[in-house]
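Reader: I would like to learn how to read a protein structure. Could you walk me through one, step by step?

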Amino acid sequence: MQFVHDTPAQRVRFATGAAREGLAAEVAVLGARRVMVIAGTGERELADRVTAGLPVVHHHDDVVMHVPVEVAERARAAAAARDADVLVSVGGGSTTGLAKAVALRTGLPIVAVPTTYAGSEATAVWGLTEDSVKTTGTDIRVLPRAIVYDAALTLSLPAELSVASGLNALAHCVDSMWAPRSDPINQALAAEGVRALEAGLPLVVKNPDGLAGREQALYGAYLSAVAFASAGAGLHHKTCHVLGGMFHLPHAQTHAVILPHVLAFNVPFAVEAEQRLAAAFGSRTAVEGLAGLRDKLGAPRSLRDLGMPQEGVVAVAEAVVAGAPAGNPRPVTLDAITELVRNAWEGAEPR
Ligand code: NAD
């Protein structure tokens, strides 16, 4: 065996029904006295509940998906004006992303309280958008110092959005199996993430008001993000990044549509990953496992339904091939990726 695996320090607290107490404890560990709370208007009520009793100097609700640079600048200015000493983010990936943008420049610590399954809280990846172009990078300063997971905070996430967000997490796991820095440790985390998401997501759909499925989904989402942060972005993420950038498609739903196509494309060339994924799904093959899960969840199936124009298929394929991740198990050719994107656009069965 020869590999190098880095495990960055981060405290993780699972606290179903007890986010407020858990958050207070994490803020105390940091010795913080001037809390800036970042939460979009939709999550304000949740944020007020979990931050009650904290020494809050500013509530910031100016949250926009993919973090436009001017939104990041306003948040940084607010943190400086209030002399904040910790950032508490309560929300999905967009909210965590804004806290990261502030931390990137100021070095302020973040305590993240996630309310979706996006997993940004467990990665050191930041993203900023300028003139419709999203730039991402990695910086250890943006990795939240602590995460407080409370499945009760995700009860209000509608089932449809829960499914898309959960499949975004599942995509982190699957792509970790062949991403550029994939290793036995992040593969083990990814496989356990698949098992937890396979167990949890159908329960969320069956009973959106129940905690059991949401706890499993949140646990799986955390594992998926740790695996992804370590393994890096593979072919699936590259494809979704291109699609999101060119057509502004909804983030989580795009992942849900593309994942089975990339899985079917790679597995004939990735026998070990295929076996691990099949075992994690508890199915005969990985492709059957994912197909069965998508059927149970009623997942979105076509890029056409998400608003992508058909004329864009070849341009997407060209961009994916140009930026194909190193070490993808199957050669990434223009013909093959064009077919993959066309199938995903039509909502055809993955081949
Ligand atoms: P989001 O944060 O944009 O939230 C989607 C919608 O759900 C919003 O309208 C929000 O108000 C609502 N919402 C959130 N929590 C809710 C709750 N509990 N109840 C009801 N509604 C709720 O979406 P997302 O998918 O969580 O995040 C997407 C963003 O995160 C993208 O910009 C993506 O690039 C980024 N992301 C980054 C990383 C990373 O490692 N840096 C990882 C995953 C995603």
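Author: Gladly! Let's begin with helices and strands: these are DSSP runs, numbered from the N terminus, with helices being H or I of at least four residues and strands being E of at least two. This is a predicted model, where local features need pLDDT of at least 70, side-chain atom pairs count only at pLDDT 80 or more, and totals for chains, interfaces and linings use all residues. Residues are numbered from 1 along each chain as its sequence is written, and side-chain values use heavy atoms, leaving out hydrogens and water.

Reader: Which residues does helix α2 span, and how far apart in it are Asp48 and Arg44?

Author: Helix α2 covers residues 44-51, and Asp48 and Arg44 sit four residues apart in it, about one turn of the helix. They also form a salt bridge, with their closest N and O atoms 3.0 Å apart.

Reader: What counts as a salt bridge?

Author: In general, side chains of opposite charge can pair when their charged atoms come close. The rule here asks for a side-chain nitrogen of Lys or Arg within 4 Å of a carboxyl oxygen of Asp or Glu. That rule gives 13 salt bridges. Among them is a network linking Arg11, Arg13 and Glu26.

Reader: How many residues separate Lys296 and Glu198?

Author: Lys296 and Glu198 meet in a salt bridge at 3.3 Å, N to O. This pair links distant parts of the chain, 98 residues apart: Lys296 is in helix α11 (residues 286-297) and Glu198 in helix α6 (residues 184-206).

Reader: Is Glu198 buried or exposed?

Author: Buried means under 20% relative accessible area, exposed means over 50%, and partly exposed is in between (1.4 Å probe, protein chains only). Glu198, at 16%, is buried, whereas Lys296, at 48%, is partly exposed.

Reader: Now the strands: in what order do they form the sheet?

Author: Two strands pair if DSSP finds at least two bridges between them. Here six strands make an open sheet, ordered β1-β8-β5-β4-β2-β3, with parallel pairing. β1 (11-14) and β3 (56-60) stand at the edges with a single partner strand each, so one side of each has no neighbour in the sheet.

Reader: Which residue in β4 is the bridge partner of Met36?

Author: The partner is Leu87. Four bridges join β2 (residues 35-38) to β4 (residues 86-91), and these two strands run parallel.
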